Amino acid sequence: MTLSMMLMLSACGTPSSNTPPSDNTADTPDITAPDNSTPEESTPSSEDSVTDDFLKTITAETAEAKGVCGADLTWYYQDGVLVIKGTGPMIDYTYDNKSPWRELEIGWVIIQEGITSIGNNAFQSCTILSKVEMPETLKKIGNGAFWSCLELANITIPASVSYIGGSAFIYCKESLSITFLGDAPELEPNTSIFTPQTIYYSGSGFDELIAEYSDINWVKQ
């Protein structure tokens, strides 16, 4: 009888030691692992996306103000943003011949591809301007272009820029930093160009500028 009971327990009780464990994670693919097949760099930056989204909304019909600022350049203003489109150079402005957007409240400037120069005094005294996007077609930044832009804290100069006029970045925000993406541009002689606290650079030809503007914090990247 004892033998009979042992046989019954063996058939209905504790599983055999040869039975595989219920957790098969070692043999089961991790289906929750992220798919990294798409390169990270293929995703546009959030800043580019914001710019693209805004440019889709502004047209000649929707703009609050618009006009011409060069032989083949037009400008549109909407919601504190100034967009300049076209090809070629911008008009140079003076104290008497002020830029047509001078009285507008501009916080963001988008200069699109195809534009080759920013005119003299173009954004002079745009006191709430804090963000500027420049195209890779830009070659020249005119005299006093950003003079007295009190809220301009940082700006990136494309590698295509080869000339910057006098007082281009005078009296901007005290903490203004400028990043040069290319080699040192030619500067208008015998005049101050900028008074930022920091300039970032990676190209060549900056030795003379570093010597001339010794009070600036130059950072090589």
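**Notes on the rings, sheets and cores**

1. Tryptophan 147, with a relative accessibility of 29%, counts as partly exposed, where buried means under 20% relative accessible area, exposed over 50% and partly exposed in between, computed with a 1.4 Å probe on protein chains only. Tyrosine 171, by contrast, has 52% relative accessibility and therefore counts as exposed. On the basis of these values, 38% of the 221 residues of the protein count as buried.

2. Some points on the source should be kept in mind. This is a predicted model, in which local features need pLDDT of at least 70 and side-chain atom pairs count only at pLDDT 80 or more, while totals for chains, interfaces and linings use all residues. Residues are numbered from 1 along each chain as its sequence is written, and side-chain values use heavy atoms, with hydrogens and water left out.

3. The whole structure contains 11 aromatic pairs; rings of Phe, Tyr and Trp (for Trp, its six-membered ring) pair if their centres lie within 6.5 Å, and planes under 30 degrees apart count as stacked, over 60 as edge-to-face and the rest as tilted. Tyrosine 93 and tryptophan 101 have ring centres 6.0 Å apart and planes at 70°, so this pair is edge-to-face. Tyrosine 93 counts as buried because its relative accessibility is 4%, and tryptophan 101, at 0%, counts as buried.

4. Tryptophan 147 and tyrosine 171 also form an edge-to-face pair, with 5.7 Å from centre to centre and 90° between the planes. This pair links distant parts of the chain, since tryptophan 147 lies in the loop between strand S7 (140-141) and strand S8 (154-157), and tyrosine 171 in the loop between strand S9 (163-164) and strand S10 (177-180). Strands (E, at least two residues) and helices (H or I, at least four) are DSSP runs numbered from the N terminus, and the protein has 3 helices and 13 strands. Tyrosine 171 and tryptophan 147 are 24 residues apart in sequence, yet their C-alpha atoms are 6.0 Å apart in space. Leaving out residues up to four places away in sequence, tyrosine 171 touches Trp147, Ser148, Cys149, Leu150 and Thr195, contact meaning heavy atoms within 4.5 Å.

5. Ring pairs also join Trp75, Tyr93, Trp101, Phe123, Phe146 and Phe169 into a cluster. Two lysines lie over ring faces: lysine 98 over tyrosine 95, at 5.2 Å from the ring centre, and lysine 131 over tryptophan 108, at 4.3 Å. A charge sits over a ring if NZ of Lys or CZ of Arg is within 6 Å of the ring centre and within 35 degrees of the ring normal.

6. Four strands form an open sheet in the order S5-S7-S9-S11, with parallel pairing, two strands being paired if DSSP finds at least two bridges between them. Strand S5 (117-118) and strand S11 (186-187) stand at the edges with a single partner strand each, so one side of each has no neighbour in the sheet. S7 and S9 are joined by 2 bridges, and isoleucine 141 has isoleucine 164 in S9 as its bridge partner.

7. Another open sheet, of 5 strands, has the order S1-S2-S3-S4-S6 and mixed pairing. Its edges are strand S1 (65-70) and strand S6 (131-133), each with a single partner strand, so that one side of each is left without a neighbour in the sheet. S1 and strand S2 (residues 73-78) run antiparallel and are joined by 5 bridges; within S2, tryptophan 75 is the bridge partner of glycine 67.

8. The largest nonpolar core has 47 residues, and those with the most contacts inside it are Trp101, Ile118, Phe123, Ile141, Phe146, Phe169 and Phe194. Such a core is a set of buried Ala, Val, Leu, Ile, Met, Phe, Trp, Tyr and Cys residues joined through side-chain atoms within 4.5 Å. The largest share of this core, 3 residues, comes from S2. Beyond its neighbours within four places in sequence, phenylalanine 146 is in contact with residues including Ile118, Phe123, Leu129, Ile141, Phe169 and Cys172. A second, separate core of 9 residues includes Leu55, Ile58, Tyr76 and Ile110.
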